[in-house]
Amino acid sequence: MMSVKGLAPLYRNSQDLPWIPFTPYSATVKLKLLKIEPVTGQVIALLQVPGGEGLGVHNHHGTVIVYTVQGAWRYLEHEWTAKAGDFVYETAGSQHTLLAEPGEDLVAFIVIEGALEFLDPQGHSMGLENWKTFLDRYYRFCD
């Protein structure tokens with residue numbers, strides 16, 4: 001059977017990729033970028049949050065898929081806690097405040113469609129994150 005080189009799967013050894021601080025939103029929350037797709041605006045990454053720490057309020061301009069690999073987390077606005085093996089689908093237009101449960105660090109596989117807008121405690125926009133800002137952060141980190 002003939003294979004078409006252009007249709008080969010994308011392979012990433014995640015051990016070779018750096019954990020990048022998610023500044024200015026947090027110096028301790030880190031991202032490991034697995035794939036960035038400029039055409040669709042999709043970002044696929046691993047998210048690492050130390051146990052007991054969080055990530056501020058953010059709005060979803062598109063959908064987000066989260067698969068919890070390690071640890072546990074919740075949103076302050078909801079009653080459930082996601083544990084290792086749990087799946088969460090977040091709709092566009094939703095707003096949340098992420099908190100990793102105390103103890104083990106959270107590691108989550110995330111697929112972001114569109115932008116995330118981070119808000120300060122007064123509800124004012126602190127910044128808009130999309131595929132371009134994630135890529136720029138990666139390049140700055142590597143420099």
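Predicted model: local features only at pLDDT ≥ 70, side-chain atom pairs only at ≥ 80, totals over all residues.

User: Which ring does phenylalanine 134 form a stacked pair with?

Analyst: Phenylalanine 22. The two ring centres are 5.9 Å apart, with 10° between the planes. Phenylalanine 22 also counts as buried, at 3% relative accessibility.

User: Why does that pair tie together parts that are apart in sequence?

Analyst: Because phenylalanine 22 sits in the loop between S1 and S2 while phenylalanine 134 belongs to helix H1, the pair joins parts 112 residues apart in sequence.

User: What else is around those rings?

Analyst: Phe22 and Phe134 are in a cluster with Tyr25 and Phe118, linked by ring pairs. Arginine 137 lies over the face of phenylalanine 134, 5.9 Å from the ring centre.

User: How many aromatic pairs are there in the whole structure?

Analyst: A search finds eight. One of the others is tryptophan 73 with tyrosine 75, an edge-to-face pair at 5.0 Å centre to centre and 80° between the planes. Both of those residues are buried.

User: OK, switching to the core. Which residues touch the most other members of the largest one?

Analyst: Phe22, Trp73, Leu98, Ile110 and Phe134, out of 27 residues in that nonpolar core. Strands S2, S3, S5, S6 (72-75), S9 (95-100), S10 and S11 (116-119) each supply at least two of its residues.

User: What is leucine 98 in contact with, leaving aside its neighbours within four places in sequence?

Analyst: Leu47, Val49, Gly54, Leu55, His58, Trp73, Arg74, Tyr75 and Leu106. There's also another core, apart from the largest one, with five residues that include Leu17, Ile44, Leu46 and Val111.

User: Now the sheet. What order do the strands come in?

Analyst: S1-S2-S3-S10-S5-S8, an open sheet of six strands with antiparallel pairing. The edges are S1 (20-21) and S8 (87-90), each pairing on one side only.

User: And how many bridges are there between S5 and S8?

Analyst: Four, in the antiparallel sense, with S5 covering residues 64-70. Valine 66 stands opposite valine 88 of S8.

User: Back to the helix: which strands does H1 touch?

Analyst: Helix H1 (residues 131-142) packs on the sheet and touches S1, S2 (30-37), S3 (42-49) and S10 (106-113). The directions of H1 and S2 make an angle of about 120°.

Note on methods. Residues numbered from 1 in each chain as written. Heavy atoms only, no water. Pairing = 2+ DSSP bridges. Contact = heavy atoms within 4.5 Å. Axes fitted to C-alpha atoms, helices over the stretch in contact; angles between N-to-C directions. Core = buried A, V, L, I, M, F, W, Y, C linked by side-chain atoms within 4.5 Å. Buried < 20%, exposed > 50% of the residue type's maximum accessible area, 1.4 Å probe, protein only. Phe/Tyr/Trp six-rings, centres within 6.5 Å; stacked < 30°, edge-to-face > 60°. Lys NZ or Arg CZ within 6 Å of the ring centre and 35° of its normal.
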